[in-house]
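Subject: Handing over a structure, with notes

Dear colleague,

I am passing the structure below on to you, together with some notes on what was found in it. Please keep it open beside this message while you read.

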Amino acid sequence: MNILANRMDNIFLSDLRQIIGTTITYSRAGGGVGSILLIKFSNNNRLWIWRYWELLKNNQIIATEEDDNTAMIGKIAIAAVQLENKSVEDISINNYNIHITFSNGYSLFVYATRDLTNDLPNWKYSIPSKNLVYEITSNLNVEQKQWSKKQRKLGAI
């Protein structure tokens, strides 16, 4: 294994684990953002999810990326808001699939897939305080980028 790649993976995982113990201050999906799930944490770190995801409560699926994405009233919109004010208890990653456990029995599974016909990323994790974004690409690679001025100006996640 490439020592540099291994070091990058360790830094990436360490940065991702910064959300443990934080609270979700914003969670939205549906309507204008389609089924893209947007989550902001109390440490100002942010997660965008473009590919297939499942949100569960007490091990029962309450919404997936494929559900009704009607703004405000669709199944996705209603479920996403339920994450607000929940704290992050744990996060694990395996082959860029992530599992996040939240307080009150909530959990989120994100499934990264290789898709060479669509250049949308699987998911992004932004750390504005470090001017840093990790992107899991459609080719299942991690790309490290700078947090852009455009993202700051738009308040994007």
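A salt bridge is taken here to be a side-chain nitrogen of Lys or Arg within 4 Å of a carboxyl oxygen of Asp or Glu, and the first residue in these notes should be read with that cut-off in mind. Please also bear in mind that this is a predicted model.

The residue in question is Lys86, which is found in the loop between α2 (75-81) and β6 (88-94). Lys86 is buried and yet has no salt bridge, since the nearest side chain of opposite charge, that of Glu84, is 8.7 Å away. What does lie at 2.9 Å from a polar atom of the Lys86 side chain is the backbone oxygen of Gln82. If the neighbours within four places in sequence are left aside, Lys86 is in contact with Thr22, Thr23 and Ile24, and also with Phe102, Ser103, Asn104 and Tyr106.

Turning to the strands, you will find an open sheet of six, in the order β1-β2-β3-β9-β10-β11, with antiparallel pairing. Because β1 (24-28) and β11 (142-146) stand at the edges and have a single partner strand each, one side of each of them is left without a neighbour in the sheet. From one strand to the next, the twist averages 15 degrees.

Within this sheet, strand β9 (residues 123-127) and strand β10 (residues 132-136) run antiparallel and are joined by five bridges, and Ile127 stands opposite Leu132 in β10. Ser126 is also found in strand β9, and it counts as buried because its relative accessibility is 0%. Although Ser126 and Asp15 are 111 residues apart in sequence, their C-alpha atoms are 9.6 Å apart in space.

On the one hand, β4 is joined by five bridges to strand β8 (residues 106-110), the two running antiparallel, and Trp53 stands opposite Val110 in β8. On the other hand, four bridges join β4 to β5, again in an antiparallel arrangement, and here Leu56 stands opposite Ile61 in β5. The hairpin formed by β4 and β5 has two residues between the strands, and Asn58 in this hairpin takes a positive phi near 50 degrees.

Gln60 is found in strand β5 (residues 60-64). Is Gln60 buried or exposed? With a relative accessibility of 55%, Gln60 counts as exposed, because the cut-off for that class is over 50%. Gln60 and Ser107 are 47 residues apart in sequence, while the distance between them in space, C-alpha to C-alpha, is 9.5 Å.

Two further residues deserve a look for their backbone angles. Tyr96, in the loop between β6 and β7 (97-102), has a phi near 70 degrees, which is a positive value in a residue other than glycine. Leu140 likewise has a positive phi, near 60 degrees, and is a residue other than glycine; its place is in the loop between β10 and β11. At 21% relative accessibility, Leu140 counts as partly exposed.

A colleague

Conventions:
Residues are numbered from 1 along each chain as its sequence is written. This is a predicted model: local features need pLDDT of at least 70, side-chain atom pairs count only at pLDDT 80 or more; totals for chains, interfaces and linings use all residues. Side-chain values use heavy atoms; hydrogens and water are left out. Buried means under 20% relative accessible area, exposed over 50%, partly exposed in between (1.4 Å probe, protein chains only). Lys and Arg count as positive and Asp and Glu as negative; His and the chain ends are not counted. A polar contact is a pair of N or O atoms within 3.5 Å; within protein, one must be able to donate a hydrogen and the other to accept it, and residues adjacent in sequence count only if both atoms are side-chain atoms. Contact means heavy atoms within 4.5 Å. Two strands pair if DSSP finds at least two bridges between them. Axes are lines fitted to C-alpha atoms, for helices over the stretch in contact, and angles run from 0 to 180 degrees between N-to-C directions.
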